[in-house]
Amino acid sequence: MEKKKCPQCKNLILKTSPTCLYCGRPNKFITKEYVNKKWNNNNNKNVFDYIFINKYLIFILFLIFTTFIIIFS
């Protein structure tokens, strides 16, 4: 891991850390885009709902298909 000096307290911190562990100075400017990219809460929920709905839709179609096969056999 690459380290750099904090501009405020001159201690070594990781380049990937969001803040300095010693003084708390932000290493990166925390914006709404940064938070959404880091945590990505909204996109994960939409993907989960999409997969969940498709599983139920496939189950219902399979159930209808099997009932038609049983009835017309």
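A salt bridge here is a side-chain nitrogen of Lys or Arg within 4 Å of a carboxyl oxygen of Asp or Glu. Keep that cut-off at hand for the first stop. The model on screen is predicted.

**Stop 1: the salt bridge**

Select Lys15 and Glu2. Their side chains meet in a salt bridge, with 3.1 Å from N to O. The pair joins distant parts of the chain: Lys15 sits in the loop between S2 and H1, Glu2 in the segment before S1, and 13 residues separate them. Side chains of opposite charge can pair when their charged atoms come close. How many salt bridges does the rule give? The count comes to one.

Now colour the two by accessibility. Lys15 is partly exposed, at a relative accessible area of 41%. Glu2 is exposed, because its relative accessible area of 55% lies over the 50% cut-off.

**Stop 2: the whole chain**

Zoom out and switch to cartoon. The protein chain has two helices and two strands. Read from the N terminus, the order is β-β-α-α. Strand S1 covers residues 3–5, and strand S2 covers 12–14. Helix H1 takes residues 32–39. Helix H2 takes residues 41–71. Of the 73 residues in the protein chain, buried ones make up 8%.

**Stop 3: the strands**

Select Lys5, in strand S1. Lys5 counts as exposed, at 58% relative accessibility. Lys5 and Lys15 are ten residues apart in sequence and 9.1 Å apart in space.

Go on to Leu12, in strand S2. Is Leu12 buried or exposed? Leu12 is exposed, with a relative accessible area of 51%.

**Stop 4: the loop between S1 and S2**

Select Lys10, which lies in the loop between S1 and S2. Check its backbone torsion. Phi of Lys10 is near 65°, a positive value in a residue other than glycine. Follow the side chain next. The side chain of Lys10 reaches the backbone oxygen of Pro7 at 3.1 Å. Lys10 is exposed, with a relative accessible area of 52%. One further distance to draw runs from Lys10 to Cys23. Their C-alpha atoms are 9.6 Å apart in space, and the two residues are 13 apart in sequence.

**Stop 5: Ser17**

Select Ser17, in the loop between strand S2 and H1. Is Ser17 buried or exposed? Ser17 is buried, because its relative accessible area of 15% is under the 20% cut-off.

Another belongs to Thr19, and lies 3.4 Å from a polar atom of the Ser17 side chain.

**Stop 6: the positive patch**

Centre on Lys38, in helix H1. Lys38 counts as exposed, at 54% relative accessibility.

**Stop 7: the nonpolar patch**

Keep the surface on and move to helix H2, residues 41–71. Which residues form the nonpolar patch on the surface? Select Leu57, Phe59, Ile60, Leu61, Leu63, Ile64, Phe68, Ile71 and Phe72. Together they have about 960 Å² of accessible area. Pick out Leu57, found in helix H2. Leu57 counts as partly exposed, at 48% relative accessibility.

Technical notes
Residues are numbered from 1 along each chain as its sequence is written. This is a predicted model: local features need pLDDT of at least 70, side-chain atom pairs count only at pLDDT 80 or more; totals for chains, interfaces and linings use all residues. Side-chain values use heavy atoms; hydrogens and water are left out. Helices (H or I, at least four residues) and strands (E, at least two) are DSSP runs, numbered from the N terminus. Buried means under 20% relative accessible area, exposed over 50%, partly exposed in between (1.4 Å probe, protein chains only). A polar contact is a pair of N or O atoms within 3.5 Å; within protein, one must be able to donate a hydrogen and the other to accept it, and residues adjacent in sequence count only if both atoms are side-chain atoms. Patches are made of residues with over 30% relative accessible area and no salt bridge: like charges are joined within 9 Å, nonpolar side chains (Val, Leu, Ile, Met, Phe, Trp, Tyr) within 5 Å. Accessible areas come from the Shrake-Rupley method with a 1.4 Å probe; for residues, only the protein chains shown count as cover.
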